[in-house]
Structure formats: C-alpha cells, structure tokens
Amino acid sequence: MTDTAVAASTKRITYDDAVVRGFILFSVVWGIVGMLVGLLCAFQLAFPALNFDTSFLTFGRIRPLHTNAVIFALVGNMLFAGIYHSSQRLLKTRMASDLLSRVHLYGWQLIILGAALTLPLGITQSKEYAELEWWLDIMVALVWVAFAINYFWTLAVRNEKNLYVAIWFYIATIITIAVLYIVNNLAVPLDGMKSYGVFAGAQDALTQWWYGHNAVAFFLTTPILGIMYYYLPKAAERPVYSYRLSIIHFWALIFIYIWAGPHHLLYTALPDWAQSLGMLFSLMLWAPSWGGMLNGLLTLRGAWHKVRTDPVLKFFVAGVTFYGMATFEGPLLSIKSVSALGHYTDWIIGHVHGGALGWNGFMAAGLFYWLVPKLYGTKLHSSKLADVHFWLGTFGILIYIVSMWISGVTHGLMWRAENADGALEYRDWATIIDAVIPMYHLRALGGALYIVGWILMMWNLWKTVAGKKPVDAEAEVTVLEKVDAPSSVRLIFSRPVLLSFLGLVATLFLWRNNVIVAAVALAALVFICVLAWLRYQSAQREEFRWHDYIERRPLAFSVLVGLAIIAGGVVELLPGLLMTREVPMTDAGKVAVKPYTPLELEGRDVYVSEGCYVCHSQMIRPFLSEKKRYGDPSRIEESMWDHPFQWGSKRTGPDLARVGQKYGATWHYEHMLDPRRMSEGSIMPKYPWLLTDKIDPAKTKHKLKIMRALGVPYEKEEFELAEQKYREQAGVIVKELTDYGVDVDEDSKLVALIGYLLRLGKNEKPSTTIAAPAATNGERKGD
C-alpha cells in the first residue's frame with residue numbers, strides 16, 4: 001500500500017506564541033523562588049538557627065516546597081513552553097484550542113500557588129515528588145487532561161503527515177505522567193486538608209518509587225529530550241545525527257525506564273525479586289540514555305566551532321553532557337554494593353542536583369536564550385552576560401555535586417566503620433554530621449553561584465524584551481486532507497508488535513524457578529528473535545517501513561506507547577495488589593503487628609506534617625553495622641498498616657525504626673524542644689510550636705474509620721472509644737513529664753508525637769516472616 005498525502009490547498013496560520021511567552025515568564029519567576037528556597041534549605045543544614053524556630057520555615061516543611069517548585073514550576077513551565085512552541089511548528093498548525101491552552105497555563109500556576117501555600121503549613125501526603133494533598137491532585141489531573149485533549153486534538157488536525165522525534169517524546173510524557181500520577185495518588189480524603197493513600201507499607205513503597213523514579217524519567221527527562229531533538233539542531237543549524245538511533249533511543253528508553261523504580265529500595269524489606277528487577281533494568285538504561293546523549297552531541301558535527309561564541313549552544317552542549325553524567329551515575333548507584341554505600345547519604349543529593357541543575361537547568365537557560373528574542377522579534381541583549389551566566393552556573397554545579405559526593409562517601413564509610421574489637425567507631429551521630437559540615441558550606445556556595453547566574457539571565461532577558469512588542473509567528477502551510485496508510489488497528493496488531501509482545505512474555509517466563517519452563521522460554525525467545533531479524537531484513541527492501549507508518553498514525557503510536565509503559569507497571573505492582581493482607585500472629589497466638597492506637601495515629605500524622613521523613617528513615621538494612629547502631633533489620637510486615645509508608649530516602653538524622661526501644665518520653669520532650677541539649681552538634685531544628693498546637697481527640701474516630709475502610713483491622717467498637725483511649729495513653733505520657741517537672745497538655749501535638757515515637761520498633765516477631773534480602777556489599781549480615 002502506498003502512503004501519500006493529498007494536498008488540496010494552502011492557508012496562512014498564526015501560531016499561538018502568547019501561551020509560550022506565558023510559560024517562559026512563570027518558569028523564570030517560579031524558578032528563582034524555588035532556588036532561593038533551596039538555598040535557604042542548604043544554609044539551614046550548615047546553620048540550624050536559620051530555621052528561626054518557626055513552623056512554616058523549618059527544613060522539613062520547606063524542603064518539599066523547594067523540590068516541587070523546581071520540578072513542577074521551573075522545569076514544568078519550561079517544558080510546556082518548549083512543547084507548545086515546537087509542536088506548532090512541527091505539526092504546521094496552531095494549537096487546536098486557545099481556551100484549553102489558557103486553562104493549562106493558568107491552571108498550572110494555581111496548582112503551584114496551592115503548593116506554595118500548603119506545604120509550609122505542613123499539609124502534605126509525605127510522598128516524594130507527590131506531596132500535594134488530594135484536592136490539589138484533582139486539580140493536577142484536570143489540568144493535565146485539558147493539556148492532553150488540546151495536544152491530541154492538535155495532532156488530529158495537523159498539516160504534517162509524519163510525527164517528528166520530538167513529538168514522540170511529548171506523547172510519551174503526556175500518557176505516562178497521567179498514569180503515574182493518578183495511580184500513585186489514589187487516596188481517601190479525611191477533610192479538605194488531609195487524606196490517606198490507598199496503598200500501605202511495602203506496596204506503598206513500591207508504588208511510590210514506581211512513580212517517583214518515573215516522574216524523573218517522564219517529567220524531567222523525556223520532554224527535555226524532545227526539546228533537545230528540536231532546539232539543538234535548530235541552534236546548531238544541523239540535522240539530527242541519526243534518525244535510526246533516535247528510534248532505538250525512544251522505544252528502549254520508555255520501555256526500560258518504567259521497570260527501574262525498585263532500585264530506590266535496595267536492601268529494604270521489599271522482596272528481593274523486585275529489588276533485583278529494578279537493579280537489572282537500571283543497568284540496562286545505560287545503553288538508551290547514552291545513545292540519546294551521543295545523538296545530541298554528534299548533531300554538532302561540523303558545528304563545534306560555534307560553541308565557542310554561541311551561549312545557546314554552550315548551555316545545550318553542557319546540558320546534554322550533564323544528562324550523560326547523570327544517566328551514568330544513576331545505574332551505577334543501582335548496583336547493590338554501590339547502593340549499600342551511597343543510599344541515604346548526600347551522594348544521592350549530588351546525583352539528583354547534577355541532573356536538575358545541569359541537565360534541566362542548563363537546557364532551560366539555552367531554550368530561553370534562543371527562544372525569547374524570537375518571540376519578540378529582536379536579538380539577545382548581551383551574549384557576554386549569557387557567557388558569564390554559563391560559567392557561574394557550571395562552577396556552581398561542580399562545587400555543589402563534588403561537595404555532596406565527598407559528604408556522601410564520608411557518611412557511608414563512617415556509618416559502617418568499626419574498631420579492632422568490632423565496635424562502631426563513630427557511634428555518636430553528631431560526630432558524623434560534624435565531619436561534613438564544611439561540605440554543607442560548599443554546597444550552599446555552589447547553589448548561590450548558580451542562583452547568581454540565574455539572576456543574570458533574568459536581567460538579560462528583561463533587557464532583551466524591554467520596549468519590544470510580542471511577535472506571533474506566521475507561516476504558509478499546505479493543508480493535509482488525507483493520509484493513505486494502514487489503519488491504527490492494523491498497525492497495533494502488526495507483526496512487529498506481536499513479535500515484541502511474544503518476546504516479552506517469553507522473557508518473563510525465564511524468571512520461573514522451573515528449569516524446564518525456563519528452557520522452553522529461552523528457546524521460544526531465540527526463535528522469536530530470529531523471526532524478528534528476518535522481518536527486519538524484509539522491511540529493508542520495502543518503500544515504506546513500519547515505523548514510517550506509525551509516525552503517521554498518532555492513535556496507533558499513542559496506544560503502543562501506553563502498552564510499553566504499562567507492561568513494567570503491571571509486572572511490578574500487580575503481585576502486591578493481588579495479595580491479601582493477613583494479620584501477622586506470634587507463636588503465642590498474639591497479634592504481632594498491632595494497628596496504631598488513636599494517640600499513635602495522631603502522632604504519626606504530626607510526624608508526617610512536620611516532614612520528619614525528609615531527614616529520618618524507618619528502614620534498618622540487613623548490615624551488621626546497622627544492627628549495632630539501630631537494632632534488628634526491619635521486616636516487611638512491620639509497616640503493613642502504614643498509610644503512607646515512612647521508609648525514607650535520606651538520613652540527615654539517624655534511622656528511627658526502633659527508636660521506641662531506646663528513649664523515654666522525657667528524652668523525646670527535651671529533644672524536640674532543643675535538640676542540641678540532648679545531642680551537642682545536632683543540626684535538627686527546634687519544634688516549640690508542637691507544645692502549644694492542639695489536636696482534637698474527638699475527631700480521631702474519623703481517622704480510624706478511614707483506616708478500617710483501607711484494610712487496617714480496627715473493630716467498629718473502637719471508634720466510639722477512640723477519644724477515651726487517646727486520653728488514657730496521653731495521660732501516661734503527661735504523668736511521666738509532670739514527674740520530670742514540666743507541664744504539658746494531653747491534647748498537645750508534642751504528646752501525640754512522643755506517643756508515636758515510643759511505639760516505633762515495639763512490634764513482636766510473627767511466627768512466619770518474610771526473609772530480609774541478603775547483604776552482598778562486603779559487610780557481614782546483621783541477622
């Protein structure tokens with residue numbers, strides 16, 4: 001079948017560049033806000049007094065504000081600007097609906113404003129990159145749907161038959177983020193400011209990092225790669241190096257990325273098969289990630305001399321290089337032995353910021369310097385000032401990430417260091433923190449340099465547009481009336497797709513313990529690969545190849561993208577969703593892991609609200625050094641009633657999984673009001689407001705009802721007794737504190753938090769437990 005476009009006429013169109021200008025403006029402004037909040041966070045770690053003993057400025061509350069502002073406000077608005085601008089040119093049509101474009105533009109800013117108001121107030125779900133509460137999640141979903149409708153509608157009315165590679169990445173972003181965000185944020189609201197996620201414990205951890213890792217992949221990576229594929233060739237005035245490599249890069253990246261989330265949970269209580277799966281696919285990511293990087297850099301062949309004088313190309317080249325560094329380091333950190341050293345340390349912070357500042361930040365700067373002058377029909381005010389920005393940013397990034405590498409490795413080594421007699425050499429946590437304080441000073445310096453560069457860019461762009469009128473570009477395009485090509489249904493069920501599906505099924509059976517089944521699966525996989533090779537050789541002789549066709553059928557392309565990203569999610573998440581949670585019992589017939597009491601449940605919500613999870617983990621890994629420092633390794637059933645899970649991802653402070661076995665109420669009281677009184681050299685903020693902020697125990701029964709609906713085994717009779725039980729347990733803590741010589745109200749948040757902390761680590765061992773993963777990093781096993 002031939003595939004020809006029948007052109008009936010031409011028309012002149014005016015692109016909607018106003019929405020592009022809007023997204024750029026908000027990206028630049030929100031970006032400086034997010035980075036200044038991050039700089040405050042950096043200084044707070046070096047100088048704890050900068051928490052100001054104020055709830056809404058404390059580190060645990062504003063650190064999520066920083067991450068959300070940088071990810072969703074700076075990068076989000078930047079990628080939307082690039083998508084709206086490049087898509088209209090690539091599709092040769094104006095966006096289908098100006099109204100939906102404005103709903104997207106202003107709706108997204110309302111969401112960011114909502115985040116800026118709620119997160120400092122402690123209104124959070126405590127999930128990494130998904131902290132926003134349920135009503136903001138609904139707003140995100142609605143705005144994203146408006147964006148998706150507008151985009152796919154524009155694809156339907158396009159005047160270009162083939163979808164360019166940048167469009168592929170935009171489609172993958174729109175589809176995947178919708179799936180990830182909705183699934184991870186399924187929750188039951190308590191009221192307007194509080195909800196509880198439907199997943200708990202290990203299942204919640206797996207779902208969260210399926211989302212968290214792929215939010216980085218499909219919000220911070222794939223759309224920026226699309227921008228790279230469009231704007232880097234434009235700036236270099238060279239075609240993309242390899243169209244075939246871009247095909248391999250795209251499909252390999254979106255398929256493999258979705259499986260890699262569990263590498264964030266290595267050596268936790270997560271089942272070992274899930275950890276190994278995450279590590280394996282993370283290592284596989286090296287190939288497509290570096291394929292994309294090389295495709296970008298090799299596009300500059302014959303144009304490298306321009307990099308010396310063109311600041312746009314400087315930023316793009318450095319950005320793509322930082323992408324290569326980050327995508328080398330990520331798989332490296334997913335290797336179990338490396339993760340054992342680096343996880344929970346500042347090494348991870350350095351890795352994340354290398355990608356955020358170098359890849360996302362530099363690509364944003366390059367985009368703005370190239371695009372803003374064109375949107376106002378002028379030239380950039382000062383290329384020299386842009387060069388200064390580049391070098392300030394580069395040195396800032398290098399100082400930042402190198403200081404965090406040093407700090408992270410130092411942490412990892414000191415945590416496990418032992419004396420000749422086998423005792424921990426650095427048992428005092430403050431000693432470990434004190435060793436890296438100079439690195440925290442350098443981190444703040446690096447961040448400050450980067451921010452100065454951003455401010456120079458703001459000034460440069462302002463001078464560029466000052467006094468200039470906005471220009472909406474126009475173009476004469478040929479109207480595309482018809483594309484003669486196989487239908488979307490035929491393409492979805494074509495031989496390449498069916499062979500890929502059969503190959504995936506055969507690969508899954510390779511994991512079976514049955515040797516015969518695995519051997520048959522291997523033989524089938526080899527046979528399928530031979531068929532695929534023969535099909536490929538046959539296609540080389542055809543006038544139009546299979547991928548040419550799906551580039552002309554957006555529906556087929558989108559369905560195949562959806563299937564590629566859903567496969568990994570189903571394999572990872574479905575086993576846990578289908579399992580029935582059973583109450584673990586001890587050999588004596590008692591409940592091993594009891595649900596939280598009303599007081600403990602309220603205290604846990606205080607812990608979440610104050611962002612304690614930002615600095616403390618609740619997951620003891622199966623290493624001898626961690627057993628000596630914290631106690632027995634964590635077991636999977638211990639967090640089975642936790643909505644949400646609190647395993648954590650960073651240890652600025654020690655692990656708290658068994659802290660209830662170590663200290664009493666008076667110690668926690670003093671520690672929360674003045675940490676340095678109990679641990680000299682601590683960098684933890686003070687929490688004086690917890691002493692006066694109140695909880696209404698009469699409302700606790702509503703939380704118990706939601707928990708029961710989510711599967712936590714509360715009896716109905718407990719609902720009406722919730723307030724009584726709350727006051728009884730709180731009274732015990734108040735009496736201990738009164739005997740100590742302090743007066744505390746039993747309904748204060750501090751009492752509830754103490755009650756929760758006293759509970760941690762006091763579960764009994766069930767008669768049957770799920771074994772913790774074996775340690776293979778060279779340390780002796782701790783259990």
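**Reading buried residues and aromatic rings**

Me: Is Trp647 buried or exposed?

Reply: In this predicted model, Trp647 has a relative accessible area of 2%, so it is buried, the limit being under 20%.

Me: How is a pair of aromatic rings described?

Reply: A pair of aromatic rings is described by the distance of the centres and the angle of the planes. Here, Trp647 pairs with Phe645 in an edge-to-face arrangement, with 5.8 Å centre to centre and 90° between the planes. Phe645 is also buried, at 8% relative accessibility. The structure holds 48 aromatic pairs.

Me: Which residues touch the most other members of the largest nonpolar core?

Reply: In soluble globular proteins, nonpolar side chains tend to be buried together. In this structure, the largest nonpolar core has 177 residues, and Trp108, Tyr151 and Phe368 touch the most other members. Helix 2 (residues 59-91) supplies the largest share of this core, 16 residues. Apart from this core lies another, of 46 residues, including Met640 and Leu710.

Me: With which residues is Tyr151 in contact, leaving aside its neighbours within four places in sequence?

Reply: Among them are Ile83, Met95, Tyr170 and Ile174. Tyr151 also belongs to an aromatic cluster, whose members include Trp108, Phe147 and Phe219.

Me: Where is His249 placed?

Reply: His249 is in helix 8 (residues 243-257). Its relative accessible area is 1%, so His249 counts as buried. Beyond its neighbours within four places in sequence, His249 is in contact with residues including Phe169, Tyr229 and Tyr323.

Me: Which residue lies over the face of Trp415?

Reply: Arg651 does, at 5.8 Å from the ring centre. Likewise, Lys336 lies over the face of Tyr267, at 5.9 Å from the ring centre.

How values were computed. Residues numbered from 1 in each chain as written. Predicted model: local features only at pLDDT ≥ 70, side-chain atom pairs only at ≥ 80, totals over all residues. Heavy atoms only, no water. Helix = DSSP H or I, 4+ residues; strand = E, 2+ residues; numbered from the N terminus. Buried < 20%, exposed > 50% of the residue type's maximum accessible area, 1.4 Å probe, protein only. Contact = heavy atoms within 4.5 Å. Core = buried A, V, L, I, M, F, W, Y, C linked by side-chain atoms within 4.5 Å. Phe/Tyr/Trp six-rings, centres within 6.5 Å; stacked < 30°, edge-to-face > 60°. Lys NZ or Arg CZ within 6 Å of the ring centre and 35° of its normal.
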